[in-house]
Amino acid sequence: MTSEYERGGHADLAPGEESQDGEVSLLQRIAGYLTGLGLAILLTATSFFIAGTDLVWQPSIPVALVVLAIAQMGVHLVFFLHITTGPDNTNNVLALAFGVLIVVLVIGGSLWIMAHLNHNTMPMDQIIHMQG
Amino acid sequence: MTDAAIAYPHGDPHHLRGMEASRVAHAGPPSKRIVTGYGFWIFILSDMVMFSAFFATYAVLLGQTAGGPSGRELFNLRNVAIETGFLLASSFTCGLATIAADYRNKTWFHLAMGVTCVFGLAFLAIEAREFADLVARGAGPTRSAFLSAFFTLVGCHGLHVSAGELWLLTMIAQVFAKGFRADIQRRILCFALFWHALDIIWIAVFTIVYLLGSAS
């Protein structure tokens, strides 16, 4: 078993790089991508099926679509980008967490503010009515 | 055999990595591959932050159709499903290309990259046809705020894929001319990150723009 020290390597992995413990064979790596592809196809197909079906309770569809999308993003991150929970990936995960925080703030904040603006702004016909 | 191997004959039975970590602390700065990859990862995250601003704009302007057509009347989900399939398949073959690059196998690398290129071009062709069709039906980016936001968001992703295609062709040429040098390998790593990240952004696009736009 080759340790990282013996290879002269470091405890960190570049993002996108698979853990190279010397135990991951070619077939295992291809199998990893095939697993990711299979899961992604499954989730995508479910998304497209749910969007056009009458079989489920309609108000649940948007929530289901968002959950499926987040799940598929997770599949892509783990199987294609190799951003995992391993100790050699801490820096990459922390950077991702910060990115997700900013994305949530930008999208959530914009929607929140604009919804309140719409709510508090008088409709145009009422303004015209008051002026007249 | 190192001291660690003597102390822990079965590697690291409790997964503490204590010995390893203490050694690594004295191992000097990380390799250029890690620094480059990490820097590019930060760029990709900043790119996602930029996309989040476009998504926020789109969500805010979703109802502002100015009497024009809404997404439900415009979107063709069958086309979107085919686009998604091409992009997903190209992400997979891009992964195979990175494996081939690690094994320094030029034939498989060029084959996988070539297939990735074709799938990416197919995606772009379908998207270009969709845009041309929308403009021809009078639903171009100037029709309403909703359509401006739609063309900005989806077009920006398309521009990223186009840039990725150019980068992809560059990598094929560089491996052909220079082989798998360390700097070329770093570029392949960054390209793969970029290409997979584009697929992640596309998941958000097809869910939020097309599927939610058609469902509700």
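This is a predicted model: local features need pLDDT of at least 70, side-chain atom pairs count only at pLDDT 80 or more; totals for chains, interfaces and linings use all residues.

Tutor: Let's begin with B:Arg104, which is exposed, with 12 other C-beta atoms within 10 Å. Residues are numbered from 1 along each chain as its sequence is written, and chains are lettered from A and ligands numbered from 1 in the order in which they are written.

Student: Where is B:Arg104 found?

Tutor: Look in the loop between helix 5 and helix 6 (106-136) of chain B. B:Arg104 is not a glycine, yet its phi is positive, about 55 degrees.

Student: And A:His82, is that one buried or exposed?

Tutor: A:His82 is buried, with 24 other C-beta atoms within 10 Å. Its phi is also positive, about 55 degrees, although A:His82 is not a glycine. The loop that holds A:His82 runs between helix 2 and helix 3 (90-120) of chain A.

Student: OK, zooming out. How many helices and strands does chain B have?

Tutor: Eight helices and zero strands, where helices are DSSP runs of H or I with at least four residues, strands are runs of E with at least two, and numbering starts from the N terminus. Of the 216 residues of chain B, 36% count as buried. Among its contacts between residues at least 6 apart in sequence, 81% join residues at least 24 apart; a contact means that two C-beta atoms, placed from the backbone, lie within 7 Å.

Student: What about chain A?

Tutor: Chain A has four helices and zero strands. It has 132 residues, of which 25% count as buried. For contacts in chain A with a separation of 6 or more, residues 24 or more positions apart account for 57%.

Student: Which domains is chain A divided into?

Tutor: Domain 1 covers 1-84 and domain 2 covers 85-132, with bounds from an automatic or database domain assignment. Seven residues of domain 1 of chain A are in contact with nine residues of domain 2.

Student: Now the interface. How many residues of chain B are in contact with chain A?

Tutor: 50 residues of chain B are in contact with 47 residues of chain A. On the chain B side, the elements giving two or more residues are helix 2 (18-24), helix 3 (32-61), helix 5 (77-102) and helix 8 (182-215). Helix 3 of chain B gives the largest share, 15 residues. By class, that side has 33 nonpolar, 12 polar and five charged residues. Nonpolar covers Ala, Val, Leu, Ile, Met, Phe, Trp, Tyr, Cys and Pro, charged covers Asp, Glu, Lys and Arg, and the others, Gly among them, are polar.

Student: Which residues does B:Trp41 touch?

Tutor: Leaving out residues up to four places away in sequence, B:Trp41 touches A:Pro15, A:Asn92, A:Ala95 and B:Leu193. B:Trp41 sits in helix 3 of chain B and is buried, with 23 other C-beta atoms within 10 Å. B:Leu193 is 152 residues away along the chain, but the two C-alpha atoms are separated by 7.4 Å.

Student: Back to helix 8 of chain B. How is helix 2 of chain A oriented to it, roughly parallel or antiparallel?

Tutor: The axes of helix 2 (residues 60-79) of chain A and helix 8 of chain B come within 10 Å and cross at roughly 170 degrees. The two helices are therefore roughly antiparallel to each other. Axes are lines fitted to C-alpha atoms, for helices over the stretch in contact, and angles run from 0 to 180 degrees between N-to-C directions. Under 35 degrees counts as roughly parallel, over 145 as roughly antiparallel, 65 to 115 as roughly perpendicular and the rest as oblique.

Student: Which residues of helix 2 of chain A and helix 8 of chain B meet?

Tutor: Among them are A:Leu65, A:Val66 and A:Met73 from helix 2 of chain A, and B:Ile200, B:Ile203 and B:Leu211 from helix 8 of chain B. The contact divides into 12 nonpolar, four polar and one charged residues.

Student: And at what angle do helix 1 of chain A and helix 8 of chain B cross, and within what distance do their axes come?

Tutor: They cross at roughly 25 degrees, with axes that come within 9 Å. That makes helix 1 of chain A roughly parallel to helix 8 of chain B. A:Ser47, A:Phe48 and A:Ala51 make the contact with B:Thr207, B:Leu211, B:Ser214 and B:Ala215.

Note on methods. A residue is buried if 20 or more other C-beta atoms lie within 10 Å of its own, exposed if 12 or fewer, and partly exposed in between; C-beta atoms are placed from the backbone.
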